[in-house]
Amino acid sequence: MKLTEITIRHLKMHLKSPFSTSFGTFYDKEFLLLEAKDEQGTSGWGESVAFVAPWYTEETLKTNWHMLEDFLIPLILNKEIQHPDEVTPLFAGIRKNNMAKSAIEGAVWDIYAQHTNQSLTDALGGNKNKIEVGISLGIQESIEKQITVVEHYVKEGYKRIKVKIKPGWDVQVIRSLRERFPDVAMMADANSAYSLEDINILKQLDEYNLTMIEQPLASDDIIDHAVLQKQIKTPICLDESINSLEDARKAIELGSCGVINIKIGRVGGISEAKKIHDYCAEKGVPVWCGGMLESGIGRAQNIALTTLSNFVLPGDTAGSSHYWEKDIINPEVIVEDGYIQVPKTIGIGYEPNMEAIKEFTVSSKVYK
Ligand SMILES: O=C(O)CCC(=O)C1=CC=C[C@@H](O)[C@@H]1C(=O)O
Ligand SMILES: [Mg+2]
């Protein structure tokens with residue numbers, strides 16, 4: 001295939017309820033949606049998961065647009081590509097900027113699946129008909145409210161509940177949730193809000209039988225996480241610290257974590273995500289698919305990735321209606337009793353809803 005035209009659209013979608021973490025609150029999700037067309041007129045779709053501000057990683061919507069326009073699109077337009085695995089090497093001269101790279105690579109995987117007449121799941125070698133789904137819940141204004149929100153999603157059947165913690169909103173919250181929900185699979189995500197100086201807090205969290213504690217320490221750290229992991233029995237899950245297969249190898253060799261959260265955008269694309277999955281499988285380290293409040297396009301890719309066999313823990317791939325009044329795909333992603341049925345249709349398994357895409361588009365530009 002050869003990509004002959006790429007359209008970048010800036011979309012803004014209103015979140016049904018605000019999402020609060022240790023680094024801030026989101027009311028809307030603004031992101032770049034990328035449509036690539038090849039010489040046969042086949043369209044493939046990709047989504048950049050970069051946020052408007054560099055809170056989670058250093059990438060932003062604007063830096064992604066700059067990287068795509070000035071560096072990545074010129075590298076890929078009109079290049080002959082046999083397989084999506086060739087995209088990451090093609091971008092190797094450009095450091096990091098993984099979310100921007102991943103937006104194009106996802107679109108190439110979509111086109112490749114369509115050309116080879118298979119679902120993205122089959123193209124990746126996935127082997128599940130349905131996937132288990134967890135949910136990530138933002139920080140609430142009070143512990144009572146947090147309990148009410150958790151209860152709602154436990155009743156909906158989600159297979160694992162993730163709550164966000166930050167200094168001042170940690171041990172007491174987890175203790176209260178555990179008292180109320182003694183048997184629910186529960187985990188806490190700190191988004192790097194602690195340091196080893198807070199080890200006493202982290203040791204207290206160790207008492208509540210959490211499935212894992214996600215990214216307690218610095219976003220670029222694997223050394224202190226290894227120190228911490230030796231002192232707590234709860235597995236540490238790394239999110240922000242893992243941006244490549246090499247990062248995963250080093251973290252596992254050092255003993256910095258017991259679990260890895262794989263996000264396609266954070267690691268630069270589906271091919272790298274699959275490599276990390278394969279490596280973790282070989283090392284006996286379970287993985288799960290993280291979420292970035294994606295629209296249906298990114299969510300569809302997450303669902304396909306989760307069908308790989310070592311995604312043994314429920315991912316943050318909640319249903320469309322949890323986030324949006326209206327998603328940009330047809331059908332929307334539906335979660336029933338904590339499961340998503342994996343679509344088997346050709347490509348990403350869902351159709352882009354052009355009317356909704358137009359409605360949410362703030363600006364766009366075509367590159368040929
Ligand atoms: O997409 C989802 O539902 C998961 C959301 C989620 O937990 C996260 C989204 C974006 C940044 C972080 O706060 C976070 C995470 O770190 O996993
Ligand atoms: Mg996280």
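## Ground rules

We're working with a predicted model, so local features need pLDDT of at least 70, side-chain atom pairs count only at pLDDT 80 or more, and totals for chains, interfaces and linings use all residues. Residues are numbered from 1 along each chain as its sequence is written, with chains lettered from A and ligands numbered from 1 in the order in which they are written.

## Two domains

The chain splits into domain 1 (3-117 + 352-367) and domain 2 (122-348), with bounds from an automatic or database domain assignment. Their C-alpha centres sit 22 Å apart. Across the boundary, 42 residues of domain 1 are in contact with 36 of domain 2 (contact: C-beta atoms, placed from the backbone, within 7 Å).

## Around ligand 1

The shell of ligand 1 includes Thr-21, Tyr-56, Ser-136, Asp-189, Asp-239 and Asp-316 (C-beta atom, placed from the backbone, within 6 Å of the ligand).

## The annotated site

An unreviewed UniProt entry lists Asp-189, Glu-214 and Asp-239 under "binding site"; such annotations may be inferred rather than shown by experiment. They're spread over 51 residues of sequence, yet the largest C-alpha distance is 9.2 Å.

Asp-189 counts as buried because it has 25 C-beta neighbours inside 10 Å (buried means 20 or more other C-beta atoms, placed from the backbone, within 10 Å). Beyond four places in sequence, Asp-189 is in contact with residues including Ser-136, Lys-162 and Glu-214. Asp-239 is buried too, with 22 such neighbours inside 10 Å. Its contacts beyond four places in sequence include Glu-214 and Gly-290.

Methods:
Two residues are in contact if their C-beta atoms, placed from the backbone, lie within 7 Å. A residue is buried if 20 or more other C-beta atoms lie within 10 Å of its own, exposed if 12 or fewer, and partly exposed in between; C-beta atoms are placed from the backbone.
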